[in-house]
Amino acid sequence: MSCPIGKGGTGPSRRGLLVGAGGLLASAGVGSAARAAAENPSAAAAPREPFFGEHQGGIATSQQTHAYFAAFDLIAKTREEVVAMLRAWTDAAARMTAGETARALGRDPSPEAADGGAALGLGPARLTLTFGFGAGLFSKDGEDRYGLAAKRPAALVDLPKFNGDQLNPARTGGDICVQACSDDPQVAFHAVRELVRLGYDAAQMRWAQAGFLPDARAGETPRNLMGFKDGTNNPRPAGTVATSDNPRSLDEVVWVGEEGPAWMRGGSYLVARRIRISLEHWDRSEVDFQEQVIGRHKYSGAPIGKSGEFDSLELDRQDQDGNPLIADTSHVRLGAAAANDGAQILRRGFSYNDGVSFTAERWPPWRQGMMYDAGLFFIAYQRDPRTGFIKIFENMAKLDALNQFTTHTGSGLFACPPGIRDGEFVGQMLF
Ligand code: HEM
């Protein structure tokens, strides 16, 4: 394969271009974020997320407003080709998250040489690129293509078939994935395009999904397409008080520890589910009913019968007739740590909106016709999917009242290695 390896040459920074033509000239030839920042202090203040560190960005990072997720099939013949691609991807990712171009701009005839330019002038826009490895990297169709089969972590299981799954194989699986998140949709999409171009001979796109969140005021929980605040009861950072709803800290829930292979410690497992929501059906149901389905009040986000969004669920509360205030089949009861032997996950999903397509509803009134293909691109991180997503979703898939409005149409499980140090490539310890 012909992936360029090593540091990506020189070129104007996307941040440098923020200040217009003068900035473009000033930063032409700049290859390092530090130098670009020194030359253009206003651009240095542009919001950016670190690329190097103990953990990959895009996991504990506060959510950006846009995501572009891509899953790839590897077509590389050798392990060396995979490594060359990962080196090129790491180098390009370090540059793009710093607001640089993936490669130098210019008129070099080689298709790998020049950045496509679609994100020029947009700044880093808090871009993060998170890489994950699917089962197919380790072996595919019984073949140990890259001599890695023995290194497949026990936690990288094949997800079981869950009740109600209607997974489309064309939107499921993948040998490798990239989650690009940014506050600018074009920056996120551009980043993936650059990686696709650099990995052209080694990896082919299998499926992709764009997602978005409202630009909520800082500190506010964003609402999903059902109109509910989504993310309230996510695990909280270490140092904050543990509650019965959140018995474990984010660090404890998300990062692989001593139990995992050395190359995964400090990494995390990503579960992706493309979940279509029957919005036409939801939009015609009463708010009281919607609240029973979720187990929270719609406008405040508070647990049923309470007033504060962050009030504890207290699942054993009853009404005057002795019925549970938060219904047995409500989404939050089935998802709560207390109902799942303490299991927790970090949810980091995005809404998606892919127009309309012909659909047959799975629930009364069993309508058929053109309906929204929109919903939640659910992404969850955890240290072990067997005690995280699988543990929680097994029950949920059978009993959740929300299931009458949702259909899972795509899926993936990926092992995201730990963070990267300058000079390394992503997943280096595995190879
Ligand atoms: C379209 C699909 C889904 C929608 C619209 C949705 C929406 C929500 C909402 C509104 C909440 C309450 C607020 C919060 O704590 O964030 C919630 C909580 C939660 N959801 Fe979902 N969700 C969906 C799918 C899933 C799936 C597939 C899982 C799989 C494990 C899941 C797991 C959870 C968990 C663990 C909680 C927190 C429960 C708690 O401890 O209070 N959700 N979800």
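An oxygen atom of the ligand sits 2.8 Å from an N or O atom in the side chain of asparagine 233, which falls within the limit for a polar contact (a pair of N or O atoms within 3.5 Å; within protein, one must be able to donate a hydrogen and the other to accept it, and residues adjacent in sequence count only if both atoms are side-chain atoms). This is a predicted model, where local features need pLDDT of at least 70 and side-chain atom pairs count only at pLDDT 80 or more, while totals for chains, interfaces and linings use all residues. Residues are numbered from 1 along each chain as its sequence is written, and side-chain values use heavy atoms, with hydrogens and water left out.

Let's stay with the ligand. Glycine 231 brings a polar backbone atom to 2.5 Å from an oxygen atom of the ligand, and arginine 347 has a polar side-chain atom 2.9 Å from a ligand oxygen. Histidine 331 belongs to helix H10 (residues 331-335). Helices (H or I, at least four residues) and strands (E, at least two) are DSSP runs, numbered from the N terminus.

Now for the charged pairs. The whole structure holds 22 salt bridges, each a side-chain nitrogen of Lys or Arg within 4 Å of a carboxyl oxygen of Asp or Glu. In one of them, aspartate 183 meets arginine 126 (3.4 Å, N to O). Aspartate 183 lies in the loop between strand S3 (176-182) and helix H6 (185-198), and arginine 126 in the loop between helix H4 (79-97) and strand S2 (128-133), so the pair ties together parts 57 residues apart in sequence. Is arginine 126 buried or exposed? At 11% relative accessibility, arginine 126 counts as buried, because buried means under 20% relative accessible area, exposed over 50%, and partly exposed in between (1.4 Å probe, protein chains only).

Elsewhere, Asp73, Lys140, Arg145, Asp175 and Arg206 are linked in a salt-bridge network.
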